[in-house]
Amino acid sequence: MASMATNENLPPTVIRQLAKELKNLDDSPPEGIKVIVNDDDFTTIFADIEGPAGTPYENGIFRMKLILSRDFPHSPPKGFFTTKIFHPNIATSGEICVNTLKKDWNPSLGLRHVLLVVRCLLIEPFPESALNEQAGKLLLENYEDFARHARLYTSIHALRPKNKSKTGAIAESATALNKDQAHAILAPISTSTAPKAFGPNSQDQNAVPSAVQGGASAAPKKDGPLSVKVPVDKKKMDARKKSLKRL
């Protein structure tokens, strides 16, 4: 209800005009701009702006908002970036400084024009009228340093969100692969320990039957006891030979 009360502060003619503009922006968005429409509140309009290619803001998504006053469109909206950005004409508080929203404002200008001007500001900053003095000075003195700072801000604060569904699928595949690898590693360990059941000191009487139950696939395990018994029989034979020699 609070948002409806805020919406009702605007004249009905302005509400109708804004509704028409917002629908048009939603149906046919400008390149690199996506408007987030809230039918209950036209006084604050959010938009996501793609960083233009070939600029330090490339691959970034920057959220901004336009705040409309009660006497809009006779007075310009106030523009702010809610995403942190290193730009001469955008203050550290997010406030946007552009002539279209100040001395060059005209009530006939629509929201589409305002949004396009803001995006163009990312392509061509105006350091002479800087709100961020550090960014403006750096842009004038050393563009490479400025671009490096701007790219750093973009990489930290404005990177495009990753596709969670693909990430989830990859994670599941990796988990399944790890499980298969674990089984593959554990399988030889259990097989290699099996012959210990056939040792002379073993007390596990169930080891031999369980190994033989596999049928043909378990047949090679029959050699296990024989390989252990053969050395024992050989020792007995050697002992008998020695005793016969003594005779």
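Helices (H or I, at least four residues) and strands (E, at least two) are DSSP runs, numbered from the N terminus. The model shown is predicted: local features need pLDDT of at least 70, side-chain atom pairs count only at pLDDT 80 or more, and totals for chains, interfaces and linings use all residues. Residues are numbered from 1 along each chain as its sequence is written, and side-chain values use heavy atoms, with hydrogens and water left out.

**Figure 1. Overall arrangement of the protein.** The protein contains 8 helices and 4 strands, which follow the order α-α-β-β-β-β-α-α-α-α-α-α along the sequence. Of its 247 residues, 30% are buried, where buried means under 20% relative accessible area, exposed over 50%, and partly exposed in between (1.4 Å probe, protein chains only). Among contacts (heavy atoms within 4.5 Å) with a separation of 6 or more, 54% join residues 24 or more positions apart. Accessible areas come from the Shrake-Rupley method with a 1.4 Å probe; for residues, only the protein chains shown count as cover.

Figure 2. Leu138 belongs to helix α4 (residues 133-141). This residue counts as buried because its relative accessible area is 18%. Leaving aside residues up to four places away in sequence, Leu138 touches Phe86, Tyr143, Asp145, Phe146 and His149.

Figure 3. Leu152, Tyr153 and Ile156 form a nonpolar patch with about 290 Å² of accessible area together. Leu152 lies in helix α5 (residues 143-157) and, at 47% relative accessibility, is partly exposed.

**Figure 4. Backbone features in two loops.** The peptide bond from Phe72 to Pro73 is cis, with omega near 10 degrees. Pro73 is located in the loop between β3 (61-67) and β4 (78-81). In the loop between β2 (44-50) and β3, Asn59 has a positive phi of about 70 degrees, although Asn59 is not a glycine. Asn59 is partly exposed, since its relative accessible area is 45%.

Notes. Patches are made of residues with over 30% relative accessible area and no salt bridge: like charges are joined within 9 Å, nonpolar side chains (Val, Leu, Ile, Met, Phe, Trp, Tyr) within 5 Å. A salt bridge is a side-chain nitrogen of Lys or Arg within 4 Å of a carboxyl oxygen of Asp or Glu.
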